[in-house]
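Here are some notes for a colleague who wants to look at how the parts of this model meet. Please keep the structure open while reading.

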Amino acid sequence: MKQPRLPERPHGDHLGWLAVSPLVWAAHLLISYCAVAIYCAKYAPPDGEVTEVRWAVLVLTVLALAVIGWVARLGYVRHRSGQGIAPHDHDTEEDRHRFFGLATFFLSLLSGVATLFTALVFFMMETCH
Amino acid sequence: MSRDVKASDQQPSPPPVDAAVAKQQAMRLLKAWETPKGWRYWSAVNNTEVGLWYTICAFTFFLFGGCLALLMRVQLAFPDSSFLSADQYNQVFTMHGSVMMFLFAVPILEAISILLIPQMMGARDLPFPRLSAYGFWCFLIGGVFVCGSLFFGAAPRGGWFMYPPMTTQYQDGVGADIWLLGLSFIEIASIAAAIELIVGVLKCRPPGMRLNLIPLYAWYILVVAAMILFAFPPLIAGDLLMELERALDWPFFDPGRGGDPIYWQHLFWIFGHPEVYIVFLPSIALVAMIVPTFAKMPMVGYTWVVLAAVGTGFLSFGLWVHHMFTTGLPAISLGIFSAASEAVAIPTGIQLFCFMATLLVGRATRSASMLFVLGGLATFILGGLTGVMVAIAPFDDQAHDTYFIVGHLHYVLIGGTIFPIIAGVYYFYPLVSGKMLSERLGTISFWTMLVGFHVTFFPMHLAGLWGMPRRIYLYPEDLGVEGVNLISTVGAFVLAAGLLVFLWDVIRPKGRSEKADRNPWNAGTLEWIGEAASKPWGIRSIPIIRSRYPLWDQPNLMRDVDEGRYYLPDAEEGFRETLVTSAVDAVPLQCLRVPGPTFLTLWAAVFTGGVFIFGTYHWYWAAGSCGLLAAATIVGWLWTGTASVPALERKDVGLGVELPTYVSGPGSVGWWAMMIAMIGDLTAYVSLVFGYFFYWTVHEEFPPQGIRGPGLAAPLAGLAATALSWGLLVAARSLQRRQRGTAFYACASASTLLALCAALLFVAGPWRYDMDPTAHVYPAIVWVLVLWTALHLVVGILMQLYCVARRLAGKMTPQFDADVVNVTLYWHFLLLMSLMTALTVSLFPLVS
């Protein structure tokens, strides 16, 4: 198997990377909630069907999972870079880089699951009520 | 203990320092950090003093809240009891919840963190010690004011969540105002602490302590402080709106005039649910420090625990609607929040598994501290399981507002917060006081508390399932809950007895035999490097850190630190100094001079308190005068204590490293503080903008027909004036750097005038069209948005004038320009705020 290459500038890590996937989850949750709340309050037919919103949430979910998946892969590659193995507790730039990668990967997994949890609601419920 | 040997463990010690020189250095250092004596003691701002005061105060409020709980249990011990009247009971249960959440649970985490974070970070102090002191005094004054109301029969009666319309239309007196204004005042302390702790964790670490090496406690506190920043402002916005409704009859929550009580519930629970995690995570952070010590091995799954802390922090913001399952929101909306509520169990569970794995893999030793940890975790898990139950909307429909919820929340809060905090007291007591607590008394206290707790709160689940609603002061004899209520009451007194044993252990006189050894638990983290009790300097010299558990992994670290072989071993100029390092890799960036003792923070808190306390009684002249005095005191504090032009531009901090003593811009702690404060401020503002769109959603027509809006011209002209003012300020900053003083003054003056015009223009919109804020919620929310923006413009003007004065006084120079850089950062946010206000109030009605 090809050994993942250690980036030339491992010091380019930013704390913000940890937040990307959870923020995507948050955006997905908020947009889904606001969309369905507004639709149900103002535009839903009498039987409360939310078909359009369900399709929109499906598209949004695919997009969100794509971004989360991309960030997760990025994190995983960083975690596997060079020869280091977890727990990445050496005082080197490389281990800090790997630690960020692993934490980003884990947070992406959690965000992906939480995003699917939200999407499942739209899969299972067809109306506002 | 078995540990991998890393290349970094083999680093040589720094060269030794001559003993006589080291002694002189230590004396100078001690002099610089000396705690004031006599009555001046109360001017101290050092984290060791402020953190201790904070902790003692928070515990005192906890005991007060506990006494209120006992009063409630006495009342509920028997059916149809007349121990308390309905009105007294309402005040007691409202104050119990409010005191425990606002005056104990949140402040205690800030207290412990202020006390311990600098020790864990090997820092001399937090970057803004005066801000910590100001926060403490605000907390004390606000807390005494709120609690004191109970003794005059004037306490709030609306429950700790103060739902309108009950609190806006059906409760006379000042109780609700005391809650709204008194607790808003205390929230200032929380936000101040959040700023302090975020900057402290990110910028004041010892060299080498990269983010993959920081103590888990610091990760948790970083997450929690960020959560405070996003959770508290919506409540402050809600408090503002409710007070405007109570004092001026602006109908935000009055359905008769277009308002909606559900908006309050959104704002409250956007705060309230993260709040639960804001109090839980720091306590579990204590567990994350205690478990490795007693397991004698590093935490298993450090990265997993970081995932749990960060993940829980985020997910906790997606749960707020589960407190509103019975308000009639669309079921599909409930489903979203039910799903998120289940998801948060994942990271919560992960950290518990990590703790258990560490204990299983290591060789755990028995101690009172560990007993409280284990008891707390077991209790918390039970509360978590009932939490999963009530997160399911149909079950919540049945259990909502019953004693089942009371049982659930106490399992979570006492198991997840109180027990770990007591574990933390047993663990850290030697570090703070230099004495050991009694293991025997600790064990007695633990078992008494554990038994008392479960006997108190388990029966509440049954009472709830059998139909007993919460917040009732009487229940009839034939309801079938007499037995479980009596058991709960007996349990409550057993729990209180256990707590008294703990309290006695803490305050009893301790003889010489109980003097603590240094690092008595043989812990691996940096806070234990200090002497027991810690010296006011925090750490003798600031070391280079190469491990998550430096005391285990770095040979001779304690000796080298004690002998002053590392950074800042001296205080040649008599200044209090600490290191500022980079956020990710902890590379030294600055030798930060932190201000020393002052009474200014106490006076600033007294006057700020006056604004809120006099405001409660509608004594607006007195409140306004206090506001002016508070502003003058804070300006005096900033003028004398911040961004002083240094005599020495660079300083040798030891080991051949020379650092600047003054930094402006993103590298400085002041810039970070401004950024963090403004994020909080913007969050409060967005909560108000959310209100506008919330009303648009719930009304068929919003803005309603027949009520005029602020028009297009004035808000858009206000925006244009703000943009021009901002542009001139940015130019002024640049001109000042290029030493073009006259042009700087011209630009700053023009910017100030334009800002004044902008404020007037924003207010002119609703003024010109006679928008009456008491007539309907639409004019009220427009007025709130424009007044918020205008008020911020006025503050922006004061900041600009401050910069002009600083330059005139020679306290701001082309090289040392932190003041104008930070003010410009404020104005970036102000421009964004003005843009949002103008677009919302003027253009949105055209497209809605």
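The points below go from conventions to domains, chains and helices.

1. This is a predicted model, in which local features need pLDDT of at least 70 and side-chain atom pairs count only at pLDDT 80 or more, while totals for chains, interfaces and linings use all residues. Residues are numbered from 1 along each chain as its sequence is written, and chains are lettered from A and ligands numbered from 1 in the order in which they are written.

2. Chain B is assigned domain 1 (16-23 + 519-660) and domain 2 (669-847), with bounds that come from an automatic or database domain assignment. Taken over C-alpha atoms, the centres of domain 1 and domain 2 of chain B are 34 Å apart. Their contact takes six residues from domain 1 of chain B and eight from domain 2 of chain B, where two residues are in contact if their C-beta atoms, placed from the backbone, lie within 7 Å.

3. Between the chains, 38 residues of chain B are in contact with 41 residues of chain A. The side of chain B that touches chain A divides into 22 nonpolar, ten polar and six charged residues, with Ala, Val, Leu, Ile, Met, Phe, Trp, Tyr, Cys and Pro counted as nonpolar, Asp, Glu, Lys and Arg as charged, and the others, Gly among them, as polar.

4. Helices H6 (residues 175-203) and H19 (residues 600-616) of chain B pack at about 170 degrees with axes 9 Å apart; helices are DSSP runs (H or I, at least four residues), numbered from the N terminus. Axes are lines fitted to C-alpha atoms, for helices over the stretch in contact, and angles run from 0 to 180 degrees between N-to-C directions. H6(B) and H19(B) are therefore roughly antiparallel, a term for angles over 145 degrees. Among the residues making this contact are B:Phe185 of H6(B) and B:Phe612 of H19(B).

Technical notes: Helix = DSSP H or I, 4+ residues; strand = E, 2+ residues; numbered from the N terminus. Parallel < 35°, antiparallel > 145°, perpendicular 65-115°, else oblique.
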